[in-house]
Amino acid sequence: QVRLVESGGGLVQAGGSLRLSCAASELTFSNYNMGWFRQAPGKERELVAAIRWNDGSTWYLDSVKGRLTISRDNAKKMGYLQMNSVKPEDTAVYYCAASPSYTATAYMNPRMYDYWGQGTQVTVSS
């Protein structure tokens, strides 16, 4: 099975920055999309950023545009989420997710992800 491991979460002051990392292993395919989800207390899980496997096309939740940047190193099967100008409302458990590319637009569809990491907590203090 696919194994995904997130790291980089922690406590950060509002306005600060941090970078989340996602390491993938035991993959039998190279054409997979990668996304970052988050779930805040009492709220639904939401897709915040995604990147397509082949050309690096990206998608962002409107509320994080300009502050969060998703990137990847496809050869190393490594994904990143750079978080800048963080806000208290960014506080959540962040999950790395991946899936084979079923369609050209699957990467931006939160229901199309099959594999998940364990999550990493991001807490933003005011």
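Which strands each supply at least two residues of the lining of the largest cavity? They are β4 (32-39) and β7 (68-73), with strands taken as DSSP runs of E of at least two residues, numbered from the N terminus.

Before the details, a note on the source. This is a predicted model, so to speak: local features need pLDDT of at least 70, side-chain atom pairs count only at pLDDT 80 or more, and totals for chains, interfaces and linings use all residues. Residues are numbered from 1 along each chain as its sequence is written, and side-chain values use heavy atoms, with hydrogens and water left out.

Cavities, then. On a 1 Å grid over the protein atoms alone, a cavity is a set of points where a 1.4 Å probe fits but cannot get out, and lining residues have an atom within 4 Å of a point. The whole structure has 2 cavities of 30 Å³ or more.

Next, the cores. A nonpolar core is a set of buried Ala, Val, Leu, Ile, Met, Phe, Trp, Tyr and Cys residues joined through side-chain atoms within 4.5 Å, where buried means under 20% relative accessible area, exposed over 50%, and partly exposed in between. The largest core has 28 residues, and Leu20, Trp36, Leu81, Met83 and Tyr94 have the most contacts inside it. Elements giving two or more residues to this core include β3 (18-25), β4 and β8 (78-83). A second, separate core of 6 residues includes Phe37, Leu47, Tyr107 and Tyr113.

That brings us to the aromatic rings, which pair if their centres lie within 6.5 Å; planes under 30 degrees apart count as stacked, over 60 as edge-to-face and the rest as tilted. There are 2 aromatic pairs. Phe37 and Tyr113 have ring centres 5.5 Å apart and planes at 85°, so this pair is edge-to-face. Phe37 sits in β4 and Tyr113 in the loop between β9 and β10 (115-116), 76 residues apart. Phe37 and Trp116 have centres 4.6 Å apart and planes at 50°, so that pair is tilted. Phe37 is buried, at 1% relative accessible area, whereas Trp116 is partly exposed, at 28%. Phe37, Tyr113 and Trp116 form one aromatic cluster.

How values were computed:
On a 1 Å grid over the protein atoms alone, a cavity is a set of points where a 1.4 Å probe fits but cannot get out, and a pocket is an open set with protein on both sides within 12 Å along at least five of seven lines; lining residues have an atom within 4 Å of a point. Grid points are joined across faces, edges and corners, and a volume is the space filled by probe spheres set on the points. Helices (H or I, at least four residues) and strands (E, at least two) are DSSP runs, numbered from the N terminus. Buried means under 20% relative accessible area, exposed over 50%, partly exposed in between (1.4 Å probe, protein chains only). Rings of Phe, Tyr and Trp (its six-membered ring) pair if their centres lie within 6.5 Å; planes under 30 degrees apart count as stacked, over 60 as edge-to-face and the rest as tilted.
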